[in-house]
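Morning, everyone. Please look at the model on the screen, and I will walk through a few parts of it.

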Amino acid sequence: MPRFTTVALVAGAALLVRRAVRSRMSTAPLWPMPALDTPVSGYGRGSTVPRKVLVTGRATPAEGVVELRLEGAGLPAWQPGAHVDLVLPSGLVRQYSLCGDPDDRDAYTVATRLVEDGRGGSREVHEQLHEGAEIEIRGPRNRFPLVDSPAYVFVAGGIGITPVLPMLRAAEAAGADWRLLYCGRSRTTMPYLEEIGRLGGEHRVTVVAEDESGFPELEFLGRLPADTAVYCCGPDGLMDAVGAAMPEGRAPRLERFTAAATVGGTAFEVELRRSGRILTVAADQPLLSAVREELPGITYSCRQGFCGTCRQRVLEGEVDHRDELLTDDERADSMLICVSRCSGKRLVLDL
């Protein structure tokens, strides 16, 4: 009996110690390890699960442009302006605007132009994604939503027409007043001209091909009524020109092909809370590069602020967000460390 009592007392004490340790771990941020939620890595919270889709259609709507129809089960609904991530056979992740019909719940439609001096994603799409190919997608996500407005002006440059096309259909269906300025190198390189012509006709659509009439005139943007929503997608030069032509205090809604610069500004300090390490990020050094010197296993993919693979939770500090992916809500406590930086002197990451 004494032995049984001893065993019982020891077991009871062990249970109490175990409970105490768990309680201590859940309340103390640094002992014996950070008492934080599961870290964010990759798409993280609130994102969609990757899903398989099949390429069931392939077309060429313009010179150098390939359109793909991607069919899959249970595809999430989307609104004009949304994009999806294509996980290409090589592992590259690239973002493409949805340009099909949101009411088509069986398939997504994307289109991409071949960029000869690009980073390889468009070439892989053009050369490897044929009918019958199975790939993985993530999304859709929307950082370029169509707001309710009685009037719209859309400015698209080349392949920048892809997020705008569903917006034109939606504006027309809603009975809104809309106009489109569509620019490109030549008409043969500008996709969807025929459909756009049917939608708006000459009184709503202005096509400016550089080989015919040079660059577009944008002065009219400075005279638009205050209730007109302006959307622009295309090369950086076009979007900068549209922004400069807007009335003072007003800005267009933009969808960019490339992220902001990953370096620039001043050096800052980063604490990796879980790892107990503190590092300095130089002004000419991406945050991702500095973090990987300490934690080589940190995952990343695009290095352009589009795919979300390097997303991490921010515990303290102000972030200079330079990505083209996260929503405003997600930016409240997360950042993409491949492009974004600290807007102050110090960040604390959940790493």
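Before going on, some ground rules. This is a predicted model, so to speak of a local feature we need pLDDT of at least 70, and side-chain atom pairs count only at pLDDT 80 or more, while totals for chains, interfaces and linings use all residues. Residues are numbered from 1 along each chain as its sequence is written, and side-chain values use heavy atoms, with hydrogens and water left out. Helices (H or I, at least four residues) and strands (E, at least two) are DSSP runs, numbered from the N terminus.

Back to α3. The helix covers residues 161-173, 13 residues, and spans 18 Å from its first C-alpha to its last, close to the 18 Å expected at 1.5 Å a residue; the expected span is 1.5 Å times one less than the number of residues. Its buried residues include I161, V164, L165, L168 and A171. Buried means under 20% relative accessible area, exposed over 50%, and partly exposed in between, with a 1.4 Å probe and protein chains only. Among the elements covering those buried residues are β7 (151-157), β8 (177-184) and α4 (193-204).

What does R169 form with E195? A salt bridge, with the closest N and O atoms 2.7 Å apart. R169 lies in helix α3 and E195 in helix α4, so the pair ties together parts that are 26 residues apart in sequence. R169 counts as partly exposed at 25% relative accessibility, and E195 does too, at 22%. The rule for a salt bridge is a side-chain nitrogen of Lys or Arg within 4 Å of a carboxyl oxygen of Asp or Glu. By that rule the count comes to 20.

Now the sheet. Six strands form an open sheet in the order β4-β3-β6-β1-β2-β5, with antiparallel pairing. Two strands pair if DSSP finds at least two bridges between them. At the edges are β4 (93-97) and β5 (107-113), each pairing on one side only. Five bridges join β3 (residues 83-87) to β4, and H83 stands opposite S97 in β4.

R138 is in strand β6 (residues 134-141) and D85 in strand β3, so the pair ties together parts 53 residues apart in sequence. R138 is buried, at 14% relative accessible area, and D85 is buried at 0%.

How values were computed: Contact means heavy atoms within 4.5 Å.
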